[in-house]
Amino acid sequence: MIFIDQELCTGCRRCAEVCPVDAIVGEPGKPQSVDQEICVMCGQCVQVCSSYGSIWDDGLTPREQKLAERGLLPSVKEPLFAAWNEGRAKLVKEALADPDRYVMVQVAPAVRVAIAEEFGMPLGSLAPGKMAAALRRLGFDRVYSTDFTADLTIMEEGNELIERVTKGGTLPMFTSCCPAWVKYLEQTYPELLPHLSTCKSPQQMAGALFKTYGAKVDNVDPAKVYSVSVMPCTCKDFESGRPEMKASGYRDVDVVITTRELAHLIKDAGIDFNALPEEEYDRPLGLYTGAGTIFGATGGVMEAALRTAYEVIAKKPIPELDLKFVRGGEGVRYATVKIEDLELKVCVVSGLKNVAPVLEQVKAGKADFHFMEVMTCPVGCVSGGGQPKALLPSDRLCARMARTESTYRHDAQLPHRKSNENPDIKKIYKEFLGKPLGEKSHHLLHTSYTPRRRKA
């Protein structure tokens, strides 16, 4: 949940300017508030807010009390800004101290290109190995990567798209991995919900696998598995709390923390992040391809899907892996991809403010494309509401560019760059899931959506 501190807000309304759903309400010059019903919890208001409390201000609620109200660790030293999201780091710290819990963690693609900024490294520093090392020193029993289930999402979502195109399903199909976008569609365009892919997001797929396949691999009672995710996104907590997200028989993801909160935990434990060695993620749920890691940037889901869809349909290697025509910044992009006899038309929307005109085309039956990716935040998850905060607009732009460049550099460095080439993805289908869109895959990895239109 996103809140605005009435004591600290100056009413500058910079938060209202970046809100994609007009959920910030209030008069200029007076404290603002959040309409929780329509808020999509993207956290862009948290990123842009520059009103904070000084330790010298008399009459403010004590800092210790504000930290507790915000769910932050008592050791947090950073300024407390007016716009804030509810934190969960204390729950993670308690779980790690509990010997009866087997704590598995997953880390989203965009976290590895931003976490190092919290420790003084240059904007966009790539630090997947140091982050894995830090998570082990915090005490996690298994350190996995959401990039693995991003690869799994491509296997499921790519096959779903192929089935809709070849067998006559609802088109265009929309991606479903951004929870703020999904909530927006549920509350603003519920009549278009059949267009959403039925795939869960990579976070939720990982949670479902932790307490089934992961518990089986480690010979652990699923009831003892505590599932933690580290996300660049302030809406992932809402997603994990959806009542339908318990396909494993338990709540699939028990708690979600942001990139900033992971940095708080590392600092709280006195870990010297910069001095850590580079370590690998655990297998089998931590091995990922370049396709999995580019989920963090706008156009990444589309590019990853096209790399695999091409090979599934054409049954031969894709001639060019870097599909730069779907990459870019905030806005709407269209492209056509020739795959044998099929001309697959795609659309990429970056920034939720840009999606309404496209959805109106779909409603009017005038959308001339098959597949649409939507990311709520300006250039995708790398600019998510839970990422390290930059106060100056110029620094925010530099951070977004640097994180995006690191994302694609990481993709290029990895030995496998297509989801269908991930050896542990092949293994999990052989040993556990069966086949994409199969019975077990459908039960664990797919979901349904809820119309949420506000009543007049």
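In this predicted model, 18 residues of domain 1 are in contact with 19 residues of domain 2. The domain assignment places domain 1 at 2-86, while domain 2 is made up of 128-169 + 194-322 + 380-445.

**The interface between the domains**

The size of an interface is often given as the accessible area lost when the parts come together. The table lists this area with other values for the pair.

| Property of domain 1 and domain 2 | Value |
|---|---|
| Distance between C-alpha centres | 29 Å |
| Area buried between the domains | about 1500 Å² |
| Share of that area from carbon and sulfur atoms | 49% |
| Salt bridges | zero |
| Residue pairs in polar contact (both at pLDDT 80 or more) | 15 |

On the side of domain 1 that touches domain 2, helix α2 (residues 44-48) gives the most, with four residues. M41, Q47 and L73 are the residues of domain 1 that lose the most area to domain 2, and together they account for 38% of what that side buries.

**Nonpolar cores**

The largest nonpolar core has 117 residues, of which W181, L359 and M372 touch the most other members. Helix α12 (residues 300-314) supplies the largest share of this core, seven residues. Because domain 1 (2-86) and domain 2 (128-169 + 194-322 + 380-445) both give residues to this core, it lies between them.

When its neighbours within four places in sequence are left aside, L359 is in contact with F174, W181, Y184, L185, Y189, L192 and M372. Another core, of 25 residues, lies apart from the largest one and includes A215, V225, A247 and F432.

How values were computed:
Residues numbered from 1 in each chain as written. Predicted model: local features only at pLDDT ≥ 70, side-chain atom pairs only at ≥ 80, totals over all residues. Heavy atoms only, no water. Core = buried A, V, L, I, M, F, W, Y, C linked by side-chain atoms within 4.5 Å. Buried < 20%, exposed > 50% of the residue type's maximum accessible area, 1.4 Å probe, protein only. Helix = DSSP H or I, 4+ residues; strand = E, 2+ residues; numbered from the N terminus. Domains from an automatic or database assignment. Contact = heavy atoms within 4.5 Å. Buried area = accessible area lost by both parts, 1.4 Å probe. Salt bridge = Lys/Arg side-chain N within 4 Å of Asp/Glu carboxyl O. Polar contact = N/O pair within 3.5 Å; in protein donor to acceptor, adjacent residues only side chain to side chain.
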